[in-house]
Amino acid sequence: MKRLTLSRVAGANLRINRKAYLSLFLGILTAVYLATATSLCAWGVVRSHEEKMAEKVGWADMILPDSGDPTDAQLRRSGFFTDIGHITVTAAAENTRVFAGYYDETAEKLMNRTLKVGCLPEKAGEIAAEQSALNLIAPEGTAAGAVLSLTLYPAGGAAETRNYTLTGILNEQTSGLEGIETENGIRLPSLLFSPEEKPFEGGNSAVFRVLTYAPLITYNQVMRNCPLDLSAAYGVSRETGTVVWYDSGWDRATRTVERIYIWVILGAALMLSACVGITSAMENLLSRKIQDIGMLRAIGATRKQIRRVYSAEAWLLAATALPAGLLLGAATAWIISRLAPDETVFSLNAWLLIPILALSALCVFAASRFPLYRASFQMPIGVLRDSAVLRKTGMLRSRVPFTPSRLIAERRAGLHPLRHLGAAGMTALTLACALLLGELAMGLNLGDPENRPAFRIYSGGIVPPDAFTQMVPDKAALRGELNRIAGIDGVREVRLTAKTYANLLSDEVPEYFRPVSYTRSGADGADDTDTLEVLENDTGYGSEWLFYTPGELAEARADQQEDWRKSINVRCADRAEEIRAAEGISGAVIPITVYVIPASSAETLQQFVTDGSIDTGRLDSGEQALVYAPDICMRRSEDDVWEIERWLPPREIREQDWDKVIRNDAFSAGIKLSLLEIAQTYSLETQEYDGMAVYEPAEENVAYGDAAAVRADTAVGAVLAGPVRLNGLFLSGFAVIVTEKGAEAMGLILPDPDYTEVYLSGNPSPEKEALIEQEITRIVAQDRMSVDNQSKAAREYMQKKFRQMLLFGGLILLFFAVSVFMQVSGAARQIRSDTRTIGTLRAVGADLETLVGCYRLSAWICAGLGMILPVLFYTVCAVSGLRLFTAQHPLLILPLLAAMAACIALACIAGIRGRLAAVTRQPIVENIREL
Amino acid sequence: MEILRCEHLCKTYLGGGAAVRAVDDITLSFEQGSFTAVVGKSGSGKSTLLHLLSGLDRPTSGEVIYQENNLFHYNDNQLSVLRRRRFGFVFQSYNLVRELTAQENILLPVMLDKRKPDEVWLNRLIGMLGIGDRLEHLPGAMSGGQQQRVCIARALANKPAVLFADEPTGNLDGKTGRDVLTLMRTVSTELGITMILVTHDLGVAEQADRIIRLEDGRVAADSGNGAVAG
């Protein structure tokens, strides 16, 4: 005879109650399926990003520029690296910083050079190039298959012109790895030869080594722990697709979580729903087995044994559901990867089985535990417990008069206070999703597409030698290039913003410019005295020296050897003295920033005017200029940190809210401004690094005698304050703003624009926009400029936000449905076991409304408990001062959330009413007879 | 004066492939203030008849007329109002609401009707039934006899016009059963309540003014129309 084991009991149970177990099986299958699908999708997102980044920067982890030390053998022996590849750079193209070279086999694999068109060069005389490099070295429209005649400068050798067949266009990679260069300024190649290419005569090559880390090694670990000298090495992050100087495993993990958080939230939400399904199915199953459980208890089974019998059933079902769930989940992930190929790729990894199994097991375990516990604690003497509980809570005292339905509902709630926790949690989750959706919706910056630049072009300026001087090119190189953009079909307007450093001539230095010292608490608890300067001049020179007395200047001169700050102040004071002497100025020379903007940009500043008015005619004639002179507010926070606010409009500043307010009392509309521009011209010329030709500006070594001094007198047309944004950044200190024409009228010498906004006409299609972008890229294809496609960024931002909103909207619906389902199915179970009470109540004259009243309270309790979360959220926001969008509108959001909670409750009540109506359609005697 | 009558009342149950006529073409009339006992063997249809007369069940055919109104023309709400104002029901298995105390169970029909309780009447009822010391107890904490008395008090709390009782003494010992029955009789007489009682105990039935004996769903004898056989 076979031994009767608990597993056999469980197995027999399964066979006998096939139908009853189907819903439990489906619940578990759903859990496994969701665990598989969401894990695979999340992994697919990680892989997709990795592959995108690998296309951008390759699979290398570290790149070591031309250096023999440490040797390959030392690197291998260190244990920190696995693969080592070599990139040999042999030459540079004439008049550009485009370098040419070739890879060895490992480097070819690690750099992952995919091609947009064609193939990699295989023999001598063939070459492949990145499009950006090709733009600089070949005529427009050069395509794969073309023959190029290139003059190349080998390191230390003579220039040589050779003919090459262009075999393919490489993906852009050197731009992602910008910054990696040898001591001599040699960069990674954007032109690739075949390794068989004939060496250049007398040329020396630079060799870059590309390395990959051993498993679990990160950049930070290498830099901290590797005993080899790797100070010249560059880390490459496949997270950001850039060169990095700090890259910890923790940061990478955080960024990965940021990338997949939507899948994590979605997965968690769906798994939670699956858990609810399992719990519900399990409760349903166990409620049919109360008698069996009683019998098992009667014959001496312990609670633990009972739990084991029924949990063994759940695990048996889980084992059956596993392969089907895995298969379905994988199929779903595959379909999603096909539907959204940019977001996620389908990728299987054996290690993923661990989280999938763990998640599924956790789901089954957690969801089945509660009903199992409840079932094992079934007691025949429950009524004694009921009396005791009600008496203890004072709920047993008879009340006359009373509303029967309410009294019954209250007593039930008192007897089973935890019964509604699950459903209340679901309601809270629904409301949390609604809060997040609100946060996303209120945070949406839709803007006005007409007034949003489609492209932003940044061009690096040349750093001036001192605070008083402006570097201007000897020809309007960038200005001319950028103005050509206005001629592109579809471009409505190009706004150039240039920033020049000029000097304000004044009898006295206004008190408004005086720096304010304040002490901030450092991270280590130590106080750190800092200086806040109204007169910000972003050359990095302070304005402290302006307020030196002769005695203080002498003291600073004496201390300048020890104190670098004082040495700068002394240099500024001396330089100012030199300028005063040369120009015959008796008053103060105050270095300031002057923004040169188009008149159309000036018109947009109207909202920031605090005094005077903007008259573009007078601005263009040079009669007037605008002055940005903000009031600056300072406040010491409770944790002893200074909070500084520079962008409040003056009328919104309340003195009592701040510890100190620096007011503009020096500049008002109508006052005269006397400017002095000291312009040092520079020329772009060819420099040579280690024999290779590169395109760089001349050395910025300026003697005052060489500079042109321009005097210009104008008047303040309007004073501005508040969050003014001119060159893509908010202004933070004093500045003078003039129009292009005004600057010309004043005779100022204009520097290169450092910031350009391109506006398109109408709302062009993405294809048209891509063509415009291609044109702009071609025009600005110079070393010092970069283009940001703002339209694309805005489109992607909106798409991302809408996707997130859709997700949260979907989650709200899902949680709403689950919450209602949980409550209605719970009530349905209750109604089933209450049939006799319902019959009794009907027999003594209760109508449907009274019966609904007995169950209505639980729905409102769930809604009320769910509302605790948003109330808690607003309390935390109020206490901590969190400035979330939703936190700023409690009077709008809280009623909305309350309405949503009420909707859930009403939906539940409607469901309960439906169930009860079905019961009351039966004759009363049926209700009573059922038991 | 007639208060309740049924005409050609039939109730057929379908089950096991054959139709069972639990009540088969019964026509009866009940006078106001009368005390009628319905007797018969198990399965004779007496409980079914009581359920049909009280509107707890719907007949397959036939009518139940209460004060010249057909019960089955009432909608659910009208029936509910009728049950809580004009009918009282004593169940064999008490059917008390387990979350309510004895006092609350007694007051249930009054409260459902949103009326002020007649305290003098209720106190008298409670005193007569001897459950004054059990009022704050939940039904689960009371004995069967006590629960049955609470059930009777609940049925009489609203001073109904008709009191239906299904084996009210079935679960009680002999003395308690007799006491309960005497009480019901006393109260009914005092208030002019029409009482229809189902029992298989002839000793109990003998206290009634009229005895109706059912056999196979039909009236085998009706003392209102002559002597009851057997």
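**Close-up views of chain B**

**View 1. Buried residues of helix α4 in chain B.** In this predicted model, helix α4 of chain B spans residues 119-129, and its buried residues are B:L125, B:I126 and B:L129. Seen down the axis of α4(B), these buried residues fall within an arc of 95°, so they line one face of the helix. An α-helix has 3.6 residues a turn, so residues three or four places apart point the same way.

**View 2. Surroundings of helix α4.** B:G130 follows α4(B) and has a positive phi, near 65°.

**View 3. The contact of chain B with chain A.** Chain B contributes 32 residues to the contact, and chain A contributes 30 residues. On the side of chain B that touches chain A, the elements giving two or more residues are α2 (76-85) and α3 (102-112) of chain B. Of the elements on this side, α3(B) gives the most, with 7 residues. The residues on the side of chain B that touches chain A comprise 14 nonpolar, 7 polar and 11 charged.

**View 4. Chain B as a whole.** Chain B contains 7 helices and 10 strands. Of its 230 residues, 51% are buried. When contacts in chain B between residues at least 6 apart in sequence are considered, 72% join residues at least 24 apart.

Methods:
Residues numbered from 1 in each chain as written. Chains lettered and ligands numbered in written order. Predicted model: local features only at pLDDT ≥ 70, side-chain atom pairs only at ≥ 80, totals over all residues. Helix = DSSP H or I, 4+ residues; strand = E, 2+ residues; numbered from the N terminus. Buried ≥ 20, exposed ≤ 12 C-beta atoms within 10 Å, placed from the backbone. Contact = placed C-beta atoms within 7 Å. Arc of directions from axis to C-beta. Nonpolar A, V, L, I, M, F, W, Y, C, P; charged D, E, K, R; others polar.
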